[in-house]
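Here is a walk through one protein model, from its pocket to its core and out to its surface. Keep the structure open as you read.

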Amino acid sequence: MIGRLIDKLVFGLILVMALQLPQLADHYQQFLSGLYESTRWQVEGYEATAKQYQYADAQEMIAHHQVNQEPSVRADAEQKLQTLELYTQLEQGMGIFKTGNLFEKTAYMFNPARFDYLEKTLSNFKPGIPLTASGIGFGVVVALVVHYLGSMPFILWARRKKRLRLSRVK
C-alpha cells in the first residue's frame with residue numbers, strides 16, 4: 001500500500017517536471033528569437049555596407065578584408081565571419097522552433113553545443129503548466145515513459161522474488 005502511494009507520488013513528480021519542458025521550449029524560443037533578430041540586424045548592416053562599396057555580398061567583402069594588410073581589418077573580418085556563421089545557425093534553430101515538434105525542440109535545446117543558451121534561458125525561467133494540448137500530451141507521454149523505465153528494475157526484482165518464493169513452496 002505504501003509502495004503504491006510512493007509510486008503515485010513519484011509519477012506525479014515526474015509529470016510535473018515533464019510538463020516544464022514545453023514551457024522551457026517557449027522561453028527558449030523567445031530567447032533564440034531575440035538573439036536571431038539582433039544578429040539579423042547586424043548581418044543586414046554588413047550587406048548594406050557591402051552594396052554601398054560595390055561588393056556582390058557581405059561574404060565577398062569579408063573575404064577581401066581577410067587579406068588586408070591592416071591587422072585590425074583582418075580581425076574585424078573574422079568577427080564578421082563568425083557573426084554570419086552564428087546567423088546561419090540561428091536560422092536553422094528558428095526553423096526548428098517554428099515547424100518542429102516538442103521532441104525536436106527538446107533535442108535542439110539540450111544539445112551540448114548550445115548549453116550556454118539553455119543556461120541563460122533557465123536563469124529567467126519560471127515553472128508553469130502548459131496551456132496547449134500538445135504540451136500537456138508531451139508531458140504525459142514523457143512522464144509515462146520515464147516512470148516506466150525507472151520502475152522496470154523494481155518490477156523485475158519483485159517478479160523474481162515472487163518466483164523464488166513460489167519455487168520454495170513447491
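Helices here are DSSP runs (H or I, at least four residues), numbered from the N terminus. The model is predicted, so local features need pLDDT of at least 70 and side-chain atom pairs pLDDT 80 or more, while totals for chains, interfaces and linings use all residues. Residues are numbered from 1 along each chain as its sequence is written, and side-chain values use heavy atoms, with hydrogens and water left out.

Start with the largest pocket. A pocket is an open set of points on a 1 Å grid over the protein atoms alone, with protein on both sides within 12 Å along at least five of seven lines; lining residues have an atom within 4 Å of a point. The largest pocket holds about 300 Å³ of space, where a volume is the space filled by probe spheres set on the points. Its lining counts 13 residues. Nearest the centre lie Gly3, Asp7, His147, Ser151 and Phe154. Helices H1 (2-18) and H7 (133-169) each give at least two lining residues. H7 has the largest share, with seven. By class, the lining has seven nonpolar, four polar and two charged residues. Asp, Glu, Lys and Arg count as charged; Ala, Val, Leu, Ile, Met, Phe, Trp, Tyr, Cys and Pro as nonpolar; the others, Gly among them, as polar.

Now the aromatic rings. The whole structure has six aromatic pairs, meaning rings of Phe, Tyr and Trp (its six-membered ring) with centres within 6.5 Å. Phe97 and Tyr108 have ring centres 5.7 Å apart and planes at 85°, so this pair is edge-to-face (planes over 60 degrees apart). Phe97 sits in H4 (residues 71-99) and Tyr108 in H5 (residues 102-109), eleven residues apart. Phe97 counts as buried because its relative accessibility is 2%, and Tyr108 is buried at 5%; the cut-off is under 20%. Ring pairs link Tyr28, Phe97 and Tyr108 into a cluster. The charged end of Arg114 sits over the Tyr108 ring, 3.6 Å from its centre (CZ of Arg within 6 Å of the centre and within 35 degrees of the ring normal).

Which residues touch the most other members of the largest nonpolar core? They are Tyr28, Leu32, Phe97 and Met109, in a core of 28 residues. Such a core joins buried Ala, Val, Leu, Ile, Met, Phe, Trp, Tyr and Cys residues through side-chain atoms within 4.5 Å. H2 gives the largest share of this core, eight residues.

End at Val169 in H7. Val169 counts as exposed because its relative accessibility is 66%, and the cut-off is over 50%.

Conventions. 1 Å grid on protein atoms, 1.4 Å probe; cavity = no way out; pocket = protein on both sides within 12 Å on 5 of 7 lines; lining within 4 Å. Phe/Tyr/Trp six-rings, centres within 6.5 Å; stacked < 30°, edge-to-face > 60°. Buried < 20%, exposed > 50% of the residue type's maximum accessible area, 1.4 Å probe, protein only.
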